[in-house]
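I am opening a notebook on this structure. The entries below record what I looked up, one topic at a time.

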Amino acid sequence: MSRSASPVLLLLLLLVFVFFSGYVEAYKNYTVGDSLGWYDKLQKPDVNYQKWVAGKNFSLGDFLLFNTDNNHSVVQTYNFTTYKHCDYDDALDNDTYQWSTTDPSATDPVSVTVPVPLLKEGMTYFFSGDYDGWQCKHGQHFKLNVSHGQGLPPSLKDPADDAPSPVAPDSGDEGDAAPDTVVPANFNNPKEEHDNEESSGPASLLPFFSHLLNYKFSGLLALLPVVFIF
């Protein structure tokens, strides 16, 4: 099952986006679909998200802004099969993330802005995954390639990426030493099957944003009115 982003995490992402949108020139913010927003072709026939992607250079640390409503969701996956089928029900926790969900009971759609950071190099896929893939199959999907660029800013880095590899006990015999442990260069912490649900999902990013907010607390206080505009 895919991970879902909590409202608290989305608020923190929005704070980070606002704080860095003019702070570091190396990182860019892209509004998905530009003025058309994030919708399916039945609602907005002119949308062509793959055409929108063409010619753009996406890098680690960049943000995608999805301007949509609560009848359209934002799902990110690194799994092409999940993307191809417009279905994330059987997706794994470590390759698919649901940044926003739909509200089928909403009779009057509410506009929302969903900020999504690009945290992993390589191909990544986006689609609206609710209503049995109906919106995805009607044009609400795209793929893009993420380059390394300047690398992730400290606020988006997983501390595990910089952690040293385990050191084998000194046995006196180099031939018995354990091999070095390779830490994958992504933002997902390795999980054991017995890890409980509270320790998984995008909530694992909260410590990084908490550190950033503590470090720049005085500056972020001035940004809070901007957040409530969203």
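**Entry 1: Thr96**

I began with Thr96, which is found in strand 6. I take helices (H or I, at least four residues) and strands (E, at least two) as DSSP runs, numbered from the N terminus. The model is predicted, so I note that local features need pLDDT of at least 70, side-chain atom pairs count only at pLDDT 80 or more, and totals for chains, interfaces and linings use all residues. Residues are numbered from 1 along each chain as its sequence is written, and side-chain values use heavy atoms, with hydrogens and water left out.

Is Thr96 buried or exposed? Thr96 counts as buried, because its relative accessibility is 0%. Buried means under 20% relative accessible area, exposed over 50%, and partly exposed in between (1.4 Å probe, protein chains only). The side chain of Thr96 makes a polar contact of 2.8 Å with the side chain of Asp95. A polar contact is a pair of N or O atoms within 3.5 Å; within protein, one must be able to donate a hydrogen and the other to accept it, and residues adjacent in sequence count only if both atoms are side-chain atoms.

**Entry 2: Gln76 and strand 5**

Next I looked up Gln76, in strand 5 (residues 74–77). Gln76 has 1% relative accessibility and therefore counts as buried. Which side chains does Gln76 reach by polar contacts? I found Trp99 at 3.0 Å and Thr124 at 3.1 Å.

I then checked how strand 5 is placed. Strand 5 pairs with strand 6 in the antiparallel sense over four bridges, and Gln76 stands opposite Tyr97 there. Strand 5 also runs antiparallel to strand 8, joined by three bridges, with Gln76 opposite Phe126. Two strands pair if DSSP finds at least two bridges between them.

In a regular strand the side chains alternate between the two faces of the sheet. In strand 5, Val74 and Gln76 point one way, Val75 and Thr77 point the other way, and all are buried.

**Entry 3: Aromatic rings**

I count rings of Phe, Tyr and Trp (its six-membered ring) as a pair if their centres lie within 6.5 Å; planes under 30 degrees apart are stacked, over 60 edge-to-face and the rest tilted. By this rule I get 15 aromatic pairs. Why is the pair of Phe126 and Phe142 stacked? Their ring centres are 5.2 Å apart and their planes are at 25 degrees, so the pair is stacked. The pair links distant parts of the chain, 16 residues apart: Phe126 is in strand 8 (residues 122–127) and Phe142 in strand 9 (residues 141–147). Phe126 is buried at 0% relative accessible area, and Phe142 is buried at 0%. Ring pairs link both into a cluster that includes Tyr30, Trp38 and Trp52.

**Entry 4: Nonpolar cores**

A nonpolar core is a set of buried Ala, Val, Leu, Ile, Met, Phe, Trp, Tyr and Cys residues joined through side-chain atoms within 4.5 Å. The largest one has 27 residues, of which Leu64, Phe66, Phe126, Phe142 and Leu144 touch the most other members. Helix 2 (49–53), strand 4 (63–69), strand 6 (96–100), strand 7 (111–117) and strand 9 give two or more residues each to this core. Apart from it I found another core, of eight residues, among them Cys86, Ala91, Tyr125 and Phe127.
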